[in-house]
Amino acid sequence: MTDFEPALSTRAADGGASDGGATQGRVAPDGATHGNATAASLAPPSFALGPLVLGGRTLATRYFLAPLAGYTHLSFRRVIRRLGGVGLATTDLVQASHLVSGTPWARKLVATHASDNPLTVQIFGGELRHLVAAARWLEDHGYEAIDINMGCPMAKLTGSGGGARLMCDGDGACRLVAEVVGAVKVPVTVKMRLGWDRSRLTAPLLAEEFEQLGVAGITIHGRTRQQGFTGGVDLDGIAQVVAAVKSIPVVGNGDVRTVADAWRMRQVTGCAAVAIGRGALLDPWIFRRLARAEAGDWQAVNATPPADEQIDFLRSHFELMAEQHGEGLATQTFRKFAAWYGARLGIPEDLEDRLRRFETCAEFAEIVSEITARHGTRQRPIPTALIRVPNGPNEHW
Ligand SMILES: Cc1cc2nc3c(=O)[nH]c(=O)nc-3n(C[C@H](O)[C@H](O)[C@H](O)COP(=O)(O)O)c2cc1C
C-alpha cells in the first residue's frame with residue numbers, strides 16, 4: 001500500500017484480493033470485490049465532501065455518471081438515480097448535426113424526464129457550425145448544460161475531426177470551445193482524454209486555455225486516445241490537469257469501481273469530483289455507497305442491497321426502457337446489460353444467459369420470476385462482461 005493514503009486502505013472485505021490488484025483498480029483473478037474496504041479500514045477522507053457547484057448548478061454529490069453510448073440513456077439514468085447518490089448524469093454522445101436536423105435517434109438520445117435531473121447533454125462533431133447550432137438548440141429547448149466530447153477514440157468520430165482528434169489541434173479546439181461557450185448562456189463543459197498519445201499529452205494545456213475561454217468544468221479520462229481502454233488510468237496525468245486550472249472543477253474519470261477507487265482518485269489527483277461509467281454498470285449502487293459512506297455510514301460501503309431491491313432494479317430498468325422504446329428495441333437493447341448485471345444482481349448463470357437472448361416482455365417477466373425464486377444461487381462471482389470481451393473496451397476489466 002505504498003501509493004495510497006493509509007486512511008483509505010483498500011484491503012478487500014474478504015481479505016481475498018491482493019493489495020496489488022486493489023490499488024491498481026484492476027480485477028482480481030478471483031473476481032472478489034477488491035477495492036472495497038472493510039468498515040474498520042476506512043476513515044473520513046480529507047478531501048472536500050458534500051455538494052459541488054459546477055457552472056452555477058449545485059450538485060448534491062461529487063460522483064457523476066459518465067456517458068456510455070448505448071447504455072446511459074434515459075431508462076438507465078432514471079433507474080440509477082432512484083438508488084441515490086448520483087450527483088450529475090450526462091447523456092450518451094449525440095451527433096451535433098443530427099440533433100439539429102432532427103434525426104429521430106438523436107432526439108431520442110436527448111429525451112429526458114423530470115426525475116432525470118441534473119443532466120448535461122454531450123455533443124460531438126468535427127464542424128464548428130454544427131456544434132454551435134446544437135448548443136443553441138439545446139438551450140432553446142430548456143437543457144441546462146452542454147458537454148463537448150473531445151475524448152472519444154472511435155474512428156467515426158475522430159475521422160471527421162470530432163472526439164479525441166480535436167485534442168491534436170489546439171487552436172481549432174480553442175476556437176470551437178470559444179464559439180460554443182459564446183453561443184449560449186448555459187454552462188459548457190469539456191470531456192477529454194490526456195492526449196492523443198504519450199508524446200502528445202495536451203490535456204493540461206488545453207484545460208488551462210478552456211478555463212480562460214469560459215468553460216465551466218473539465219472531465220478527464222486518465223488515458224490517451226492511443227490507449228483506447230487498455231492499460232491503467234494515469235492518476236498523475238489527471239493531477240496535472242487539476243494543477244493546470246485555477247478555479248473550475250476537474251472531474252476525474254477512469255476505472256473507478258468501488259468507493260475506495262473513487263476516494264483514491266480524489267485523494268491522489270485532487271479532482272473535485274469523479275465520473276463513473278462501467279463501474280456503474282457493474283454496481284449500480286456505487287453512487288449510493290459513496291454518498292452514504294461520506295455521510296459516515298461505513299456499513300454502506302460493502303452492503304449488499306436487499307434481494308427485492310436488486311430484482312426491482314432489474315425489472316424497473318427494463319420497464320422504463322420498454323416504455324420509451326417499445327418492446328422490440330427494448331428487448332434488443334436490454335440484453336447487453338445482462339452480462340454486466342448478472343453477478344451483482346445474483347442472477348444464476350443459466351438465467352443470465354436467457355436474459356442475453358430474450359425476445360418479448362412476457363419472456364422477460366418469466367425470467368424475472370425465476371430469478372426471484374432462485375436469487376443468489378449464482379456460482380460465479382465474476383461478472384460475465386469482464387470475461388467475455390477479450391478485444392473489447394473492457395479488456396482490463
Ligand atoms: C461502451 C462505452 C461507451 C462510451 N460512450 C461514451 C460517450 O458517449 N461519451 C464519452 O464522453 N465517453 C464515452 N465513453 C467513455 C466513458 O465515459 C469513460 O470515459 C470511460 O469508460 C472510462 O471510465 P470508466 O472506467 O468509469 O468506464 C464510453 C465508454 C464505453 C466503454
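Which residues does Arg292 touch, not counting residues up to four places away in sequence? In this predicted model, the partners of Arg292 are Asp297 and Ala300. Arg292 itself sits in helix H12, which covers residues 286–294. Is Arg292 buried, exposed or partly exposed? Arg292 counts as partly exposed because it has 19 C-beta neighbours inside 10 Å, and a residue needs 20 or more to be called buried.

**The chain as a whole**

Let's step back for a moment. The chain is built from 16 helices and 11 strands. It has 397 residues, and buried residues account for 48% of them. Taking the contacts between residues at least 6 apart in sequence, 69% join residues at least 24 apart.

**The nonpolar core**

The largest nonpolar core holds 103 residues, and Ile123, Ile218, Val274 and Ile276 have the most contacts inside it. Helix H13 (residues 307–334) gives the most to this core, with seven residues. The core also draws at least three residues from each of domain 1 (52–301) and domain 2 (307–385).

Leaving aside residues up to four places away in sequence, Ile123 touches Val94, Ala96, Leu99, Leu131, Ala134, Ala135, Ile146, Ile148 and Asn149.

**Around the ligand**

Which residues come nearest to the ligand? Of the 22 residues around it, these are Ala66, Ala69, Leu93, Gly277 and Arg278. Sorted by class, the shell around the ligand contains nine nonpolar, nine polar and four charged residues.

**An exposed loop residue**

Ser199 makes a handy counterpart to look at. Ser199 lies in the loop that runs between strand S8 (188–195) and helix H8 (203–212). Why is Ser199 classed as exposed? Ser199 has 8 other C-beta atoms within 10 Å, and a residue with 12 or fewer is exposed.

**Two pairs to find in the viewer**

Note on methods. Residues are numbered from 1 along each chain as its sequence is written. This is a predicted model: local features need pLDDT of at least 70, side-chain atom pairs count only at pLDDT 80 or more; totals for chains, interfaces and linings use all residues. A residue is near a molecule or strand if its C-beta atom, placed from the backbone, lies within 6 Å of it. Ala, Val, Leu, Ile, Met, Phe, Trp, Tyr, Cys and Pro count as nonpolar, Asp, Glu, Lys and Arg as charged, and the others, Gly among them, as polar. Helices (H or I, at least four residues) and strands (E, at least two) are DSSP runs, numbered from the N terminus. Two residues are in contact if their C-beta atoms, placed from the backbone, lie within 7 Å. A nonpolar core is a set of buried Ala, Val, Leu, Ile, Met, Phe, Trp, Tyr and Cys residues joined through C-beta atoms within 7 Å. Domain bounds come from an automatic or database domain assignment.
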